[in-house]
Amino acid sequence: MKAIDIRSRDLWAGLLLMAIAILFGATAIDYPMGTPQRLDSGAFPVLLSGLLFLLGLIITLVGIFKGGAVGIEHWTWRGLLLIVIPPILFGLFVREIGLIISLFGVALLSAFASRMARAHVALILAAVLTLFCVGVFVYGLGLPIPLVGRWLNGQ
């Protein structure tokens, strides 16, 4: 039997996804679930957490059983920081600067987590993602998220 390579990116990525799924699933489990015919506010986060856990499990198993795993010794802090910090900034500033600018900034910063990112592609990606999210969340679902925030309205 082959030994498990603990340097495998897939192994660690899968374990991280499962940990995140458990964390968010545990916080959402106290929300009301409703019935299968009429789901309540807790059903969606719990279902997404379950799917994330399943995805993490599959990735972990790939990391365990795949031969010649690529090690994690070449990962950079840049990628991790540009994936983790922008959503936190979005949550902190969406009401102050609005959905359009905060979402565009998050998408733009997150695109540069990859070493292969190019500025023109990142700008197009950020613009398309921003337009899509504004259309879905503000106009489609009618969520009360300000498009332009307090700081830019002069309030």
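Buried means under 20% relative accessible area, exposed means over 50%, and partly exposed lies in between (1.4 Å probe, protein chains only). The views below come from a predicted model, in which local features need pLDDT of at least 70, side-chain atom pairs count only at pLDDT 80 or more, and totals for chains, interfaces and linings use all residues. Residues are numbered from 1 along each chain as its sequence is written, and side-chain values use heavy atoms, with hydrogens and water left out.

**View A. The salt bridge between Arg150 and Glu96.**
Side chains of opposite charge can pair when their charged atoms come close. A salt bridge is a side-chain nitrogen of Lys or Arg within 4 Å of a carboxyl oxygen of Asp or Glu. By this rule the count is one salt bridge. Its partners are Arg150 and Glu96, at 2.7 Å from N to O. Arg150 lies in helix 6 (residues 150-153) and Glu96 in helix 3 (residues 77-97), so the pair ties together parts that are 54 residues apart in sequence. Helices (H or I, at least four residues) are DSSP runs, numbered from the N terminus. Are the two partners buried or partly exposed? Arg150 is partly exposed, with a relative accessible area of 41%, and Glu96 counts as buried at 16%. Contact means heavy atoms within 4.5 Å. Leaving aside neighbours within four places in sequence, Glu96 is in contact with Gly149, Arg150, Trp151 and Leu152.

**View B. Helix 2 and the nonpolar surface patch.**
A patch of this kind is made of residues with over 30% relative accessible area and no salt bridge, with nonpolar side chains (Val, Leu, Ile, Met, Phe, Trp, Tyr) joined within 5 Å. Accessible areas come from the Shrake-Rupley method with a 1.4 Å probe, and for residues only the protein chains shown count as cover. The patch has an area of about 1100 Å², and its residues include Ile22, Phe44, Leu57 and Phe65. Which helix gives the most to it? Helix 2 (residues 43-65) does, with 10 residues. Leu57 lies in helix 2 and is partly exposed, at 34% relative accessibility. Ala43, Ser49, Gly56, Thr60 and Gly63 of helix 2 are buried, and what covers the buried residues of this helix includes helix 1 (9-28). The expected span of a helix is 1.5 Å times one less than its number of residues. For the 23 residues of helix 2 this gives 33 Å, which agrees with the 33 Å between its end C-alpha atoms.

**View C. The largest nonpolar core.**
A nonpolar core is a set of buried Ala, Val, Leu, Ile, Met, Phe, Trp, Tyr and Cys residues joined through side-chain atoms within 4.5 Å. The largest one has six residues: Val94, Leu99, Leu103, Cys133, Val134 and Val138. Helix 4 (99-111) and helix 5 (119-140) are the elements that give two or more residues to this core. The largest share, three residues, comes from helix 5. Not counting residues up to four places away in sequence, Leu103 touches Phe90, Leu129, Thr130 and Cys133.

**View D. Ile100 in helix 4.**
Ile100 is partly exposed, with a relative accessible area of 36%. Its contacts, not counting residues up to four places away in sequence, are Thr130, Val134 and Leu147. Ile100 and Leu131 are 31 residues apart in sequence and 8.2 Å apart in space, C-alpha to C-alpha.

Definitions and conventions:
Patch = residues over 30% accessible without salt bridge, like charges linked within 9 Å, V, L, I, M, F, W, Y side chains within 5 Å.
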